[in-house]
Amino acid sequence: MTKNTVSGLTRLLLSGLLLALPLAGAAQEQTAEPEAGAAVSVEELKRRVIELNRDLFILEEDLLFPASTQFAVFLSVDTGRFLTLDSVKLKVDDEVVAAHLYTDRQVAALQRGGMQRLYIGNLRSGSHQVTVFVEGVGADQRAYKKAATLDFDKGVDIASLEIRVKDSAADYQPHVEIVEWE
């Protein structure tokens, strides 16, 4: 299914549900306690709409990113002494698929142990090359640029990679590595 088909299906289901709302309200007006019945009916419809929205989101994710082609890249940062992160650019098979400029709040969140989902998409099975470019401000307020590359084979399962940017006290430099999750 294409993305347009999924969007059309979503719109069709939601419009059907919206058409059912007035009918449910009209049926409740015929009861002996119209206010109490209508309140219960509205709450039940809200609960059903929330459940339907969740189910549609899961269906859309499964259709757009099937497990056999799903590919995700995450970023973790353990720096602060030797690097202040400014930006990250991600290339998959020589095509830029993600680029991100960081605010001070985002950098602080990453340094506290947060992890960013940098990219999610589809990738066919086979051999691929992932390259990441990290830019920031290094020691002595000097511009810092570092790249890392990983050649990997994607199987039929979900493939997840992590870009790790961390300080190294051994050589007083930040290091960038790409690790494949098992």
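pLDDT is the predictor's confidence in each residue, from 0 to 100.

**View 1. Confidence along the predicted chain.** This is a predicted model. The protein chain has a mean pLDDT of 82. In it, 81% of residues reach 70 or more. Confidence is lowest in helix 1 (residues 3-29), with a mean of 52. Strand 3 (residues 95-101) has the highest, at 96.

**View 2. A salt-bridge network joins Glu44, Arg47, Arg48 and Glu51.** Within helix 2 (residues 34-64), Arg48 and Glu44 are four residues apart, so about one helical turn separates them. Their side chains form a salt bridge, 3.1 Å from N to O. Arg48 is partly exposed at 47% relative accessibility. Glu44 is also partly exposed, at 28%. The model's salt bridges come to seven.

**View 3. Lys166 and Glu177 meet in a salt bridge.** The N to O distance is 3.4 Å. Lys166 sits in strand 7 (residues 159-168) and Glu177 in strand 8 (residues 173-180), so the pair ties together parts eleven residues apart in sequence. Lys166 is partly exposed, with a relative accessible area of 34%. Glu177 is partly exposed at 31%.

**View 4. Arg164 pairs with Glu162 in a salt bridge.** Their closest N and O atoms are 3.3 Å apart. Glu162 is buried, at 7% relative accessible area. Arg164 is partly exposed, at 28%.

**View 5. Asp151, Asp153, Glu180 and Glu182 form a negative surface patch.** Asp153 belongs to strand 6 (residues 143-154). Its relative accessibility is 55%, so Asp153 counts as exposed.

**View 6. Ile120 and Ser160 have C-alpha atoms 9.1 Å apart.** Along the chain, 40 residues separate the two. Ile120 lies in strand 4 (residues 115-122). Ile120 is partly exposed, at 21% relative accessibility.

Definitions and conventions
Residues are numbered from 1 along each chain as its sequence is written. This is a predicted model: local features need pLDDT of at least 70, side-chain atom pairs count only at pLDDT 80 or more; totals for chains, interfaces and linings use all residues. Side-chain values use heavy atoms; hydrogens and water are left out. Patches are made of residues with over 30% relative accessible area and no salt bridge: like charges are joined within 9 Å, nonpolar side chains (Val, Leu, Ile, Met, Phe, Trp, Tyr) within 5 Å. Accessible areas come from the Shrake-Rupley method with a 1.4 Å probe; for residues, only the protein chains shown count as cover. A salt bridge is a side-chain nitrogen of Lys or Arg within 4 Å of a carboxyl oxygen of Asp or Glu. Lys and Arg count as positive and Asp and Glu as negative; His and the chain ends are not counted. The place of a charge is taken as NZ of Lys, CZ of Arg, CG of Asp or CD of Glu. Helices (H or I, at least four residues) and strands (E, at least two) are DSSP runs, numbered from the N terminus. Buried means under 20% relative accessible area, exposed over 50%, partly exposed in between (1.4 Å probe, protein chains only).
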